[in-house]
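Trainee: I have a new model on my screen and I'd like to learn how to read it. Could you walk me through it?

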Amino acid sequence: MKIPSKKTFGFALYAVVITLVFLYLLFPSEIVQNRLEEAAVSADLAVKMDALRPSFPLGLRFKNLHVASLANGQTYLDSESLTAQISPLSFLQKNKKLGLGGKAYGGTFKGTLRFASWEKIASPLEADVRFTDVDVTKMAFIRSWLARNVTGKASGRWTHKASDISGRDLSATCDITLKKGSFPLQESFLGATRIDFENSDIRLQLKQGVIRVEKLRMVGPQMECFLSGDIIRTDDVMQSALNLKGEIILASNKTKLNVTIGGTLENPLLRYL
């Protein structure tokens with residue numbers, strides 16, 4: 001068997017590089033962008049972007065990507081930049097893997113999503129996303145869900161798994177660290193209308209419609225707060241029932257207060273024990 005010469009390898013490599021360059025330069029960005037926006041409508045989504053370019057080897061790079069619900073206008077994502085890469089193994093596997101990375105809300109994110117197919121836009125069956133220094137003040141859906149202007153920089157990880165694209169049997173975990181922020185209160189607590197914190201560590205687990213608050217630790221100049229318990233999720237997020245208990249340590253005199261929080265996210269009821 002005759003081994004190809006270095007010159008032959010050189011010409012082959014040159015041909016591959018030239019082909020990739022022409023594919024990049026001649027990529028029909030406007031056509032692909034229009035097709036993606038049209039496909040999103042069938043999934044009840046409004047997708048807009050300023051620019052779209054190919055990303056080596058099997059990806060797309062989006063600039064100023066906006067994703068919102070057509071039904072109620074709620075924004076799901078505002079990303080300054082996002083790169084999506086299809087895993088080559090997706091062509092051989094049942095579930096399709098998509099790698100993500102980019103910048104959003106003043107921070108960065110990176111992770112992977114797994115879909116049932118590429119045929120239509122649908123919720124991922126699995127997700128594993130890490131995020132760093134995201135400014136929650138800029139996240140419209142957080143303000144909408146909590147009906148409060150929560151502030152702070154968030155870093156952490158979100159994972160979830162569902163049995164099908166409808167989200168049936170969805171289970172998820174979320175670990176978040178919030179730094180230098182505040183949480184407005186519905187009613188005054190010991191003369192304060194908001195809780196300021198330097199650090200807040202939160203660990204949540206979702207299973208069978210119940211959000212398990214495994215850990216909520218908030219440390220600030222006014223107090224330290226430790227909570228755990230359950231949040232019974234409903235379709236109307238603000239009506240989700242609270243069943244939390246824990247301890248508050250006042251910074252002024254180190255007084256410890258055992259507390260329970262009932263009611264709903266919209267109208268929490270705080271009781272001292």
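Predicted model: local features only at pLDDT ≥ 70, side-chain atom pairs only at ≥ 80, totals over all residues.

Mentor: Happy to, and let's begin with a charged residue. Glu37 is buried (under 20% relative accessible area, with exposed over 50% and partly exposed in between, using a 1.4 Å probe and protein chains only).

Trainee: Where does Glu37 sit, and what does Glu37 touch?

Mentor: Glu37 belongs to helix 2 (residues 29-42); helices (H or I, at least four residues) and strands (E, at least two) are DSSP runs, numbered from the N terminus. A contact means heavy atoms within 4.5 Å. Leaving aside residues up to four places away in sequence, Glu37 touches Val47, Lys48 and Met49.

Trainee: How many helices and strands does the chain have?

Mentor: There are 3 helices and 15 strands. Of the 273 residues in the chain, 32% are buried.

Trainee: Which residues have the most contacts inside the largest nonpolar core?

Mentor: A nonpolar core is a set of buried Ala, Val, Leu, Ile, Met, Phe, Trp, Tyr and Cys residues joined through side-chain atoms within 4.5 Å. The largest one here has 46 residues, and Val47, Phe62, Leu65, Leu82 and Ile248 have the most contacts inside it. Leu65 touches, among others, Val47, Leu77 and Leu82.

Trainee: Is Val67 buried or exposed?

Mentor: Val67 counts as buried because its relative accessible area is 15%. Val67 lies in strand 3 (residues 59-69), and its contacts include Leu45, Val47 and Tyr76. The C-alpha atoms of Val67 and Val47 are 4.7 Å apart, although 20 residues separate the two along the chain.

Trainee: How do I read strand pairing?

Mentor: Two strands pair if DSSP finds at least two bridges between them. Strand 3 and strand 4 (residues 75-86) run antiparallel, joined by 9 bridges, with Ala68 opposite Thr75. On we go to strand 5 (residues 96-104), which is antiparallel to strand 4, with 7 bridges.

Trainee: And how many salt bridges are there in the whole structure?

Mentor: A search finds 6. In one of them, Arg157 meets Asp128 at 2.6 Å, N to O. This pair links distant parts of the chain, with Arg157 in strand 8 and Asp128 in strand 7, 29 residues apart. Arg157 counts as partly exposed because its relative accessibility is 30%, and Asp128 is likewise partly exposed at 26%. Strands 7 and 8 also run antiparallel, joined by 8 bridges.

Trainee: Which residues are linked in a network of salt bridges?

Mentor: Asp175, Arg203 and Glu214. Within it, the side chains of Arg203 and Asp175 meet at 2.6 Å, N to O.

Conventions. Residues numbered from 1 in each chain as written. Heavy atoms only, no water. Lys, Arg positive; Asp, Glu negative; His and termini not counted. Salt bridge = Lys/Arg side-chain N within 4 Å of Asp/Glu carboxyl O.
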